[in-house]
Amino acid sequence: MDDGSSHGKGLHISVYAFSNDDTDKLMFILRNKFNLKCSIHYNIDKKPRIYIFKESMRSLISLVSPYFIKEMLYKLGL
């Protein structure tokens with residue numbers, strides 16, 4: 001729950017320890033299985049993060065919020 005943060009009206013998921021192939025696979029699953037609009041962004045150290053666009057935030061929140069502890073809901077803007 002703690003490897004991400006809001007960014008504007010979207011969300012970054014930090015995948016710094018993932019290989020490029022694994023990051024691509026995860027983004028493919030988020031797009032195709034969960035229909036989330038996302039892309040790969042890189043931080044200042046050139047480490048990858050998956051960005052979930054604001055258009056997909058409602059879908060993401062409905063998918064993941066039941067599994068969040070209340071103290072971490074702020075990560076979703078709740």
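Start at Lys46, which is found in the loop between S3 and strand S4 (48-52). Helices (H or I, at least four residues) and strands (E, at least two) are DSSP runs, numbered from the N terminus. This is a predicted model, where local features need pLDDT of at least 70, side-chain atom pairs count only at pLDDT 80 or more, and totals for chains, interfaces and linings use all residues. Residues are numbered from 1 along each chain as its sequence is written, and side-chain values use heavy atoms, with hydrogens and water left out.

Stay on Lys46. Its phi is positive, about 65 degrees, although Lys46 is not a glycine. Most residues other than glycine have a negative phi. Lys46 counts as exposed, at 69% relative accessibility. Buried means under 20% relative accessible area, exposed over 50%, partly exposed in between (1.4 Å probe, protein chains only).

Next, select Asn35, in the loop between H1 and strand S3 (38-42). Phi is positive here too, near 55 degrees. Asn35 is exposed, with a relative accessible area of 65%.

Now go to Ile29 in helix H1 (residues 20-32). Ile29 is partly exposed, at 40% relative accessible area.

Finish on helix H2 (residues 57-64). Which of its residues are buried? Select Met57, Leu60 and Ile61. They lie on the same side of H2, because they cover an arc of only 100 degrees around the axis (the arc is that of the directions from the helix axis to the C-beta atoms). Arg58 and Ser62 are exposed on the other side of H2.
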